[in-house]
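Please keep the sequence and the coordinates at hand while reading.

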Amino acid sequence: MIAIERILANPSEIERRLRFRGDDTDIASLLQLRRELEDIEKGGDASRATILAKQLQAALERLPAVPHETTPLSTKKTDFKIVREYGGPRLEKVTPSHVDIGGRLGMLDLRKATRLSGNKFAAYIGWGARLERALITYMLRMAANAGYSLIAPPLPWAGSSQLFTAGVLPKFADQVYKITGSDLFLVPTAEVLLSSLHNGALFDEQTLPQKYAAYTPCFRREAGAARATEPGLIRIHQFNKVELVVFTTPQKSYDDLEILVTDAERVLRGLGLHYRVILLPSCDLAQQATKAYDLQVWLPSINDYYEVSTCSNCEDYQARRGGVRVRGTDGRVEYAHTLNGSGVATSRLFAAILENNLDAEGGVGVPEILRSYMGGVERIPPIIHHPGG
Amino acid sequence: MARLSSMLNLEEIRRDPESLKARLRAKGVDSIVIDEIVTLDREHRRQQTEIQNLRSKHNAETGRFKAHPDSSADLAKLKEQRDQISQLESQARLTNAELRARLLAIPAPIDDALSSDSQEESSEATTQPEVMAAHGAYPRLREQGVLLYRSIVDHCVDTYVNRNFREAILPALLLQEILTGSGELPAMKDYWLKCEDDELFLAPSIESGLASLHHDEILAESQLPERWVSCGPTFNPQQANRPLHHYDRYLPYPYDQVAAFVYLKPEQRECIVSEVVGVLDILLQSLELPYRVVRIGAGRLGFAAESALWHEVWFPARSAYVPVGVTNSYGSYQARRTSTRFRDGGRRAEYTASVGQTVTMWLLLAAMLENHQQRDGSVALPIAIAERFGRPIIGSSGAGPQRTAAS
């Protein structure tokens, strides 16, 4: 949520920046609403004032965050900036896709998943399930080692107030699975649980940053079938993810964002995957973000990079909604800043490991760092005979 | 749904309805329900016979008409017969649909070996608990608690995997027909949690998906027994409408469930039940937890189960045994609903049987903390967990965060 004072200070610049992220809110009419409200409040028509205040609040709640000055302003998603590339050799040759490899090694069964749940769900089988589980445990350990406090919610669901704080509601109500007859939603990301962890809190400046990590399965309706053609695990309704969330001060938030990115990168480095970090243009930012980096792994079968993590600064967008504040050493109280990033989503990582680690005999090498979680196995061999599909 | 076969064996109902009534009484099914099914079945068969008789009569007369096609009176009669047949056929279809619906709503009858009036439970094996004072439980895990929890989950799943169970991670949202196959629907349609807009149910058990891996398939006999293990969250309406602090913390609802599921030939049942019970024994012993195995009385069996064993672990803070694992034998009940069969060479395909076992990870963690707490408040981990967790003790002074699992 943007503070109305910030809009008042420079309405045309705010509007210009919002245009670059595809938001066409008429700031002038929003300010008109605000003037009307002030007039009526002076006149004392309380009921009319309440209605107008609600309208203004609703309009403000639907506004996305204003892009930071370092975010490239563009309406084209291709206008990102490559920050750095890392990793072992980038496989240029076209390999079979992870769907073929996973199917052949009995690690992945999309057909069975469709039978159970409909299209765009995944079933991990045999070594596939073990790899998936190893990735989750590995990523949690990496987060703990990097100083994140781990949290595990009893179930991957959240109430509407948590989704509101995170910025998912009200705008993206059609993207989340609502549990009928309750106020609960299946979480689209653990960010919705972590970002509301300190709702209503007042931190002392020196206690920040506070860093949290949580693993949950994530559920997304992916309404709007524009991307329905993406193969296999690239975009599915349910996937596993370790999410990192940082509460910090306005003064340090952009420095802490850089640290968050390196923390997420460490997961990919550990797995020996080729990846790059890009700075997203304004039009590709999430609703609540002012600046964001994407970590993208290389998928040889698609011959392109694919996002496995977005690390964002939300400035005070979520903190305003959740009422999270910080008191400086000088006693001044202001809203805290929140950062979030995936550390990381497993489904595309799973795809990247299969495609990048495929050997000449059709087996898949297990990244060294995961072996201890998989009973010491170094390689998933091609199947000779596997009963039971 | 259209290919869903009958769940109770109709042959069995026809042969000996009285014994079936007795075996279903324990699950709260009134005898009248079976009588109604018997009546419907009789009616359906009568309709079938009538259709057949009419058809052969019609065929014979059509033959005669073809030999002497000049008789116009016969033509009208033939048309009348055809109308009558199609009318009867649609009646028969309705009867059949009614019959199927009635059958789907009936739980699995209890095992013959269980006396239907026995609400008593017999204790089979017991190890003595070491009673210790311990604090209660903790709905949200944090810090070392999360890693300890992951260690337990990984250890638990690997215990099955190392014994030839094939692992699967399945979706947590399931289609209606999947829950119908496992027996959770249609009887409790309004009970389970669902996302109505997407026509998906939240998995009430990890077994639900495992029971439908071979929907409409015929397996080779050599494939059986086929062992599966899976882990994931399960969803129960009892949690959804209650604030967090009102949980009964000894209920198996939050966090993940590990489920083992075996497809087998009906005659392998005894052997497989003792095998999976044995795996859970090994698991609980490796966690050094005091437990007992209890045979469940007919009145507490699940909808689709014909017999069940509970593994109950001792919880010092509550001074009670609490069930952490359930082993269900489903006979061919689920296989009939999901139409899962097997065939040996040229023989007729038969329905498989199934045995399922679920273990509540949350309760294992709670039991570990309560049973292994030391006088100084730290928790000494059993070797199997310490190896994965990386430390033998959690929460002792100077060894990392003091907060272990409470929030």
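Is B:R23 buried or exposed? B:R23 is buried, with a relative accessible area of 14%; buried means under 20% relative accessible area, exposed over 50%, and partly exposed in between (1.4 Å probe, protein chains only).

## Basis of the model

This is a predicted model, in which local features need pLDDT of at least 70 and side-chain atom pairs count only at pLDDT 80 or more, while totals for chains, interfaces and linings use all residues. Residues are numbered from 1 along each chain as its sequence is written, chains are lettered from A and ligands numbered from 1 in the order in which they are written, and side-chain values use heavy atoms, with hydrogens and water left out.

Side chains of opposite charge can pair when their charged atoms come close. Over all chains, 48 salt bridges are found (a side-chain nitrogen of Lys or Arg within 4 Å of a carboxyl oxygen of Asp or Glu).

One of them joins B:R23 to B:E12, with the closest N and O atoms 2.9 Å apart. This pair links distant parts of the chain, eleven residues apart: B:R23 belongs to helix 2 (residues 17-25) of chain B and B:E12 to helix 1 (residues 10-15) of chain B. Helices are DSSP runs (H or I, at least four residues), numbered from the N terminus. B:E12 is partly exposed, at a relative accessible area of 23%.

Helix 2 of chain B also holds both B:K21 and B:E18, three residues apart, about one turn of the helix. Their side chains meet in a salt bridge of 3.0 Å, N to O. B:K21 counts as buried at 7% relative accessibility, whereas B:E18 is partly exposed at 49%.

## A pair between the chains

B:D154 forms a salt bridge with A:R133, the closest N and O atoms being 3.0 Å apart. The pair crosses from helix 5 (residues 144-161) of chain B to helix 7 (residues 127-145) of chain A. Both B:D154 and A:R133 are buried. They belong to a network of salt bridges that also includes A:R130, B:R150, B:D158, B:E167 and B:R388.

Helix 5 of chain B is mostly covered, with 18 of its 18 residues buried.

## A:L131 in helix 7

Helix 7 of chain A also contains A:L131, which counts as buried at 2% relative accessibility. A:L131 touches A:M107, A:F350, A:I353, A:L354, A:L370 and A:M374, not counting residues up to four places away in sequence; contact means heavy atoms within 4.5 Å. The C-alpha atoms of A:L131 and A:R321 are separated by 38 Å.

Conventions
Helices (H or I, at least four residues) and strands (E, at least two) are DSSP runs, numbered from the N terminus.
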